[in-house]
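Biologist: Can you walk me through this one? I'd like to start with the ligand and move on from there.

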Amino acid sequence: MIMNNDAVLDEVRRVLLENDDFVITAHVNPDSDAVGSCLAMGLSLKKLGTRVNVVLDKFHDKNSIIPGQELIWRDEAAAPAVSVFMALDCATPERVFDPFGLMKLAPVTVCIDHHISHDPFAGHVYLDSCASSTCELIYRLVSPMIELDSDIGSALYAGLLTDTGGFRHSCAGPETMRIASELIKLNIPFTDIYNELLERHSLAETHVMRAALKNLDLPRNGRAAFSFISSEEMADIGAEATDTDGISEYLLNIRGVEVSAFLYERFKGEVKASMRSLTANVSEMAKAFGGGGHKHAAGCTIRAPLTEAYAEMSRAVLSAIETA
Ligand code: 5GP
Ligand code: MN
């Protein structure tokens with residue numbers, strides 16, 4: 001059943017109450033909403049007295065401020081026991097981080113997501129593309145079931161805060177603010193969470209930004225902003241994939257820019273693209289390259305040399321601007 005209604009929420013609540021051995025995961029390269037929703041869900045299940053493990057792909061160090069890290073499965077050789085497999089913040093099965101292939105083995109699968117590009121793939125699907133974040137959906141799910149504490153509140157706040165760009169984006173409505181207010185009442189360290197997740201950056205990130213700005217192009221009189229970083233530049237800096245976070249947002253924030261795209265060469269022949277827009281639907285653009293995301297923030301992987309990927313991406317973005 002796929003609906004964002006109370007019947008599906010109740011169905012998922014029954015799954016939480018009637019099972020044990022939960023494995024919770026999110027999309028590959030998890031952001032703070034993915035990490036926050038998994039750890040909040042894990043901590044909530046702990047309160048319900050169930051066995052739970054959170055299986056997460058490598059994430060940015062800043063997310064170590066999110067409580068519940070002790071629930072993360074650290075054994076790369078052996079898989080945790082699974083009765084219920086929960087995929088959070090995942091739009092498609094290909095995006096699910098599942099190194100042990102547990103999704104196929106689990107008797108019960110649950111998916112909770114807010115991506116507009118969601119393609120249903122689990123047994124129980126709770127989807128609301130109008131929600132600010134997956135953390136907002138986890139709040140809806142668990143707040144009537146358990147007493148929230150400061151740790152769960154901090155984990156949920158991390159997703160609300162970051163997926164709304166610091167409560168700025170249009171997806172942050174009155175309900176998001178009401179939930180944030182409820183979380184703040186739990187005495188969460190909201191100033192530290194904000195600083196750590198949205199403001200602070202490492203030296204490597206600063207060097208990546210310098211390289212990105214050196215490679216900046218502003219075609220169509222600055223209505224678009226494109227940049228890239230090659231695998232050689234990444235190696236010279238000693239930067240990792242997560243050090244490229246936030247660059248596409250930075251480019252979109254240049255006055256006059258309507259769409260931005262940042263390309264990062266993972267290795268020769270594979271390029272990750274991040275797109276951001278004020279108006280154009282970049283989710284559709286990303287889908288054309290086999291990716292997806294949200295209307296104003298999307299991404300994809302292009303299997304081509306960097307120069308070719310860059311040319312294809314800029315062509316797609318510029319033609320979207322022309323027709324906007
Ligand atoms: P980012 O540009 O920050 O990596 O991702 C922006 C949004 O697009 C996120 O919601 C993310 O989940 C989604 N996204 C990024 N890369 C991909 C991809 O390769 N495939 C899909 N389906 N979504 C992606
Ligand atoms: Mn999200």
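Biologist: Which strands each supply at least two residues of the shell around ligand 1?

Modeller: This is a predicted model. In it, E8, strand E9 (292–293) and strand E10 (297–302) each supply at least two residues of that shell.

Biologist: Which one gives the largest share?

Modeller: E10 does, with four residues.

Biologist: And what kinds of residues make up the shell around ligand 1?

Modeller: Three are nonpolar, seven are polar and three are charged.

Biologist: Which of the 13 residues come nearest to ligand 1?

Modeller: Arg95, His115, Lys272, Ser274 and Arg276.

Biologist: What does histidine 115 do with an oxygen atom of ligand 1?

Modeller: A polar side-chain atom of histidine 115 sits 3.0 Å from that oxygen. Histidine 294 also has a polar side-chain atom by an oxygen atom of ligand 1, at 3.2 Å. Glycine 292 uses its backbone instead: a polar atom there is 3.2 Å from a nitrogen atom of the ligand.

Biologist: How much of ligand 1 does the protein cover?

Modeller: On its own, ligand 1 has 490 Å² of accessible area, and the protein covers 83% of that.

Biologist: New topic, the metal. Which residues are the protein donors of the manganese ion (ligand 2)?

Modeller: Asp33 (OD), Asp89 (OD), His114 (NE2) and Asp163 (OD). They lie 2.2 to 2.4 Å from the ion.

Biologist: What spacing do these donors follow along the chain?

Modeller: The pattern is D-x55-D-x24-H-x48-D.

Biologist: Where do aspartate 33 and aspartate 163 lie?

Modeller: Aspartate 33 is in helix H2 (residues 32–47), and aspartate 163 is in helix H5 (residues 150–163). So the pair ties together parts that are 130 residues apart in sequence.

Biologist: Is aspartate 33 buried or exposed? And aspartate 163?

Modeller: Aspartate 33 is buried, at 0% relative accessible area. Aspartate 163 has 18%. The cut-off for buried is under 20%, so aspartate 163 counts as buried too.

Biologist: Now the loops. Where is asparagine 281?

Modeller: In the loop between strand E8 (270–277) and helix H12 (282–288). Asparagine 281 is partly exposed, with a relative accessible area of 33%.

Biologist: How far is asparagine 281 from valine 317?

Modeller: Their C-alpha atoms are separated by 9.9 Å, and the two residues are 36 apart along the chain.

Biologist: Last one. Where is arginine 303, and is it buried or exposed?

Modeller: Arginine 303 is in the loop between E10 and helix H13 (306–323). With 65% relative accessibility, arginine 303 counts as exposed. Its C-alpha atom is 9.0 Å from that of lysine 268, a residue 35 positions away along the chain.

Technical notes
Residues are numbered from 1 along each chain as its sequence is written. Chains are lettered from A and ligands numbered from 1 in the order in which they are written. This is a predicted model: local features need pLDDT of at least 70, side-chain atom pairs count only at pLDDT 80 or more; totals for chains, interfaces and linings use all residues. Side-chain values use heavy atoms; hydrogens and water are left out. Donors are N, O and S atoms within 2.8 Å of the metal (3.2 Å for Na, K and Ca); water is not among the atoms, so sites may look incomplete. Buried means under 20% relative accessible area, exposed over 50%, partly exposed in between (1.4 Å probe, protein chains only). A residue is near a molecule or strand if one of its heavy atoms lies within 4 Å of it. A polar contact is a pair of N or O atoms within 3.5 Å; within protein, one must be able to donate a hydrogen and the other to accept it, and residues adjacent in sequence count only if both atoms are side-chain atoms. Accessible areas come from the Shrake-Rupley method with a 1.4 Å probe; for residues, only the protein chains shown count as cover. Ala, Val, Leu, Ile, Met, Phe, Trp, Tyr, Cys and Pro count as nonpolar, Asp, Glu, Lys and Arg as charged, and the others, Gly among them, as polar.
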